[in-house]
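Subject: Structure handover

Hi,

Here is the structure I promised you.

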Amino acid sequence: MTLKNNVYDAAVIGGGLTGLTAAVYLAKAGKSVIVLEKEKQLGGLAQTTKVNEALFNLGPRAMYEGGAALRILSELDCLPKGGYASKSGMVGILQGEIVAVPADLSPEENMEWSELIGGLRRVETESIRSLSLHDWSENNIRHQRVRLLFHAMCRQWSYCDDMNVLSAGFVIEQGQLAAKGVRYVEGGWQTVVDDLRLAAVKAGATIAIGCKAERIKLRDGRVHALLLADGAEIEVSTIIAAAGGPDEVDRLLQGTVQISIGKWKKEARPLYASCLDVALRHMPYPERVFALGLDEPFYFSKHSGSVKLSDNGAHVLHVMKYNDNVSAQDAKTDEKKLILLLDLLEPGWEKEVVAIRFSPNVLVAHDSRTIHNNGAGPAPDPAVQEVPGLFVAGDWVGSEGRLADAGMASAKLAAEKVLDIV
């Protein structure tokens, strides 16, 4: 792409929700800003693909009421249409069998489960951010099956499968938000990406697609310019790196600065998952809308119903295996396990398939929010202290929220810090 202008107040690297959010705030404040997206489509992990008239997000995705994403989208007049996930119809999977909740629990288990979930909103999370979820549940949950159910819920809230490193304060806070409502997006998350792009362009931002940032150039230790992969150079005094995590920031600096970046790279704990996205003409068991593995890290959910996710009336559902921070999983084994899970929950499903897509070892987040950082990302703040003019944003920055919430919250904060100096 040939750029008409090579001088800007700010450059944003990454055209996903995080980068576009930062660009909208900067452009609305009257700053000249360019968004650089190396791929040919905006959206990053928030892209939506149409397969045989079914709209597939990149795995199961939702927003929490009270979370930063919905709050910021409302501020920017980009609030998407949506509907809410059902709070009924949950089942657990234990040793290959379905455990209905609450029907298959004992009276004692039922009482503890009800008290646990009902009392979650009263838990003071700040004081337990350095406590592992394993230790918190050992101290607060008596029955083993209730503990397994709660761990499964926490896995869903965090995408982390290691309860020994997961921050109890962080994940319980996510559970408190989830209790306010889990919103699915009508037409898929690409609609949010498209709305943010329109808002950015309307405010005056330049969007450069298929344009890869190669290196951040410094002068006297400060941001001076941005070199692109095609050899072009953009003169800019402030940059928000909003894609790829700390590894990408390190690549862009090419080892120039190692203090903060090296620390963040070392502390970051990425999360992965394998996803099977399926659209069915009819669901053999429509009452089963949500299931979690209790002894294995599985997730199942029907996202159609509350929102439209197909052009032909098909029901879109997702089955997923949480792979924690291990990216080198055997894809064929994961796919087989997810198919077996569908066989258990929706026997006869294969006769109703309209569209299907398997995505192995998908990067879900750049950090797990562990006890080692008190439930925050490895980068506590968007500002890179050793490099004036350089800021970072993403799901690994700051202490607020997870995934889109974390990315968009840090993007807004990064934009505010840029505006303080530009």
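A salt bridge here is a side-chain nitrogen of Lys or Arg within 4 Å of a carboxyl oxygen of Asp or Glu. The pair links distant parts of the chain, 55 residues apart: R269 is in the loop between α9 and β14, D324 in the loop between β17 and α10. Salt bridges with shared partners join D162, R269 and D324 into one network.

Some ground rules. This is a predicted model: local features need pLDDT of at least 70, side-chain atom pairs count only at pLDDT 80 or more, and totals for chains, interfaces and linings use all residues. Residues are numbered from 1 along each chain as its sequence is written, and side-chain values use heavy atoms, with hydrogens and water left out. Helices (H or I, at least four residues) and strands (E, at least two) are DSSP runs, numbered from the N terminus.

The whole structure has 20 salt bridges. One of them joins E400 and R71 at 3.0 Å, N to O. E400 lies in the loop between β19 and α11 and R71 in helix α2, so the pair ties together parts 329 residues apart in sequence. E400 is partly exposed at 35%. R71 is partly exposed at 37%.

K302 is another case. K302 sits in strand β16 (residues 298-302). K302 is buried but has no salt bridge; E346, the nearest side chain of opposite charge, is 8.0 Å away. (Lys and Arg count as positive, Asp and Glu as negative; His and the chain ends are not counted.) Beyond neighbours within four places in sequence, K302 contacts Y184, M283, V289, H315, V316 and L317, where contact means heavy atoms within 4.5 Å.

Now the strands. Pairing takes at least two DSSP bridges between two strands. β13 (residues 233-241) runs parallel to β1 (residues 7-13), with six bridges. A11 partners I239 there. I239 also stands opposite L390 in β19. β13 and β19 are parallel, with three bridges. β12 pairs with β13 in the antiparallel sense over three bridges. β12 and β13 form a hairpin with four residues between them, and G231 in the turn has a positive phi of about 95°.

Last, cysteines. There are zero disulfides, counted as cysteine sulfur pairs within 2.5 Å. C154 has its nearest cysteine sulfur, that of C160, 10 Å away.

Best wishes

Definitions and conventions: Buried means under 20% relative accessible area, exposed over 50%, partly exposed in between (1.4 Å probe, protein chains only).
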